[in-house]
Amino acid sequence: MHGDTGSSDTTPLAGPGTGALSSSRTALASACPTVLVGADGYPVALCTPIFGQVPTVHLLDPGNGSSLTSLKLTKGSLLGGVYAYIDHQDRLVVADGSRSLLRVGHHRNSDGKWSLTVDRSLSLASVIPEGDAVTGLSPDWKGRVWFATGGGVVGTADETTGAVNALALPEGERVANSISTAPEGTAVTTTHATYLLTTTDGTPEVVWRKEYDRGSARKPGLLSWGSGSTPTFFGPRTGTEYLTVVDNADSSANLQVYRSSDGSTVCSVPVLRASGGPGSENSPVGAGRSVFVAGTYGYPYPAAPEGAGASAPASADFAGGLTRVDVRADGTGCSLKWDNTLRSAAVPKLSTADGLLHTVVRDPLIPGTRGTSILDPYRYVQIDPDSGEVTRSAKVGVGSLYDTLQMAGTVAPDGAYLQGTVTGVLRITAG
């Protein structure tokens, strides 16, 4: 979902290029937070149907975005099975509601028809208590799969040997977002702190732990009481020397940047001040020395995960906001580069090929207001990361069918921008 194992929310592919922008929608009657494209160019979407909420994998036609075939998985928690990745054999790697690690492959039959099958399965039930579910997972540099559960269990799975090992984080700490992996280790942000973990024998060990200001309650537009970030590795030299999250301090949202090696603080910078919306449910975008934070304060999610708790206040207008912060060249701190009021309704993606930020924005039905309605218009936009200005945009639709629900988009090899919505997948192209 977040572009790579470091959750940088970047892509090496260029998005829609020159020519008139157009969009089409594949209606799947499902929220589709995860749309991924493997080496063969075929998009794979992991969706949750509106009715029944049984996670379903769709193989999409790379030419027009239509669903070629689908496969239902075992139902789990609301966020269980949301995060997944594509492996080196173009298989979707995901944990389902049966507490099993699955590799779902797509295959073309002799008659030309496609099918999706579970090509590999490994039970994680020996270390995940009944009633708990995997929230995030990511591969490491030794071939293992790391995972974290909502209840705070962090583990590794070695599919070669079948070994599954785990560590329980302190009681009361929940994992509400995905995890990230880098050569330095595995980053996990709980509702209380950010961790870096490593392992020698498969059992996770804590290298460092950094508490952050989680505030006094969950904020409207966030899905947990704490940071809404999947932790992001970034850096100008190795691409992973820094790690960053956004905290949940009561009066503001602060970007926290740490050194991956030892967890020492590089900086703490207030962000999203121009919009006045002190909160972000989105993973920061990180590339080189730059970090981009999109605000979600007040975003009208249709539901919150079990155990999220009441928000304070109970509701708020959608503030939006987009901020760029740069780590100084000598690594001694950070500088705020720009801060605006752009109302991104999705996790932005930065293309290192075309040098643009790509996202979908939610405009107010009445210009100049900050409220939301079921008739709001949505636009795909390209943003200059140097200035934060929108350089190009095109309307993709009006109304709740097009709600991108702060989900992440992805770029296909042909330049199409694929964006999940609450009812399916948008395909945005140019020319």
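A residue counts as buried when its relative accessible area is under 20%. The views below show a predicted model.

View 1. Val188 belongs to strand β16, which covers residues 185–189. With a relative accessibility of 0%, Val188 falls under the 20% cut-off and is therefore buried. Leaving aside residues up to four places away in sequence, Val188 is in contact with Ala148, Val154, Leu169, Val175, Ile179, Ala193, Thr194, Tyr195, Leu197 and Pro231. Thr391 lies 203 residues from Val188 in sequence, and the C-alpha to C-alpha separation of the two is 35 Å.

**View 2. Strand β30 and its two partner strands.** Strand β30 runs over residues 377–383. Six of these seven residues are buried, so β30 is largely enclosed by the rest of the structure. Strand β29 (residues 356–362) pairs with β30 in the antiparallel sense over six bridges; within this pairing, Leu357 has Ile383 of β30 as its bridge partner. Strand β31 (residues 390–398) also pairs with β30 in the antiparallel sense, over seven bridges. Here Val381 stands opposite Ser393 of β31.

**View 3. Turn of the β30–β31 hairpin.** Six residues separate β30 from β31 in this hairpin.

**View 4. Open sheet of strands β7, β8, β9 and β10.** The four strands are arranged in the order β7-β8-β9-β10, with antiparallel pairing. β7 and β10 (114–123) are the edge strands; each has a single partner, so one side of each is left without a neighbour in the sheet. Between β7 and strand β8 (residues 92–95) there are two bridges, in the antiparallel sense. Tyr85 has Val93 of β8 as its bridge partner.

**View 5. The largest pocket and its lining.** The space in the largest pocket amounts to about 920 Å³. Its lining consists of 41 residues, of which Gly3, Asp4, Thr5, Tyr85 and Ile86 are the closest to the pocket centre. By class, the lining is made up of 16 nonpolar, 15 polar and 10 charged residues. Five strands supply at least two lining residues each: β1 (10–11), β3 (30–37), β7 (85–86), β11 (134–139) and β32 (407–411).

Key. Residues numbered from 1 in each chain as written. Predicted model: local features only at pLDDT ≥ 70, side-chain atom pairs only at ≥ 80, totals over all residues. Heavy atoms only, no water. 1 Å grid on protein atoms, 1.4 Å probe; cavity = no way out; pocket = protein on both sides within 12 Å on 5 of 7 lines; lining within 4 Å. Points joined across faces, edges and corners; volume = space filled by probe spheres on them. Nonpolar A, V, L, I, M, F, W, Y, C, P; charged D, E, K, R; others polar. Buried < 20%, exposed > 50% of the residue type's maximum accessible area, 1.4 Å probe, protein only. Contact = heavy atoms within 4.5 Å. Pairing = 2+ DSSP bridges.
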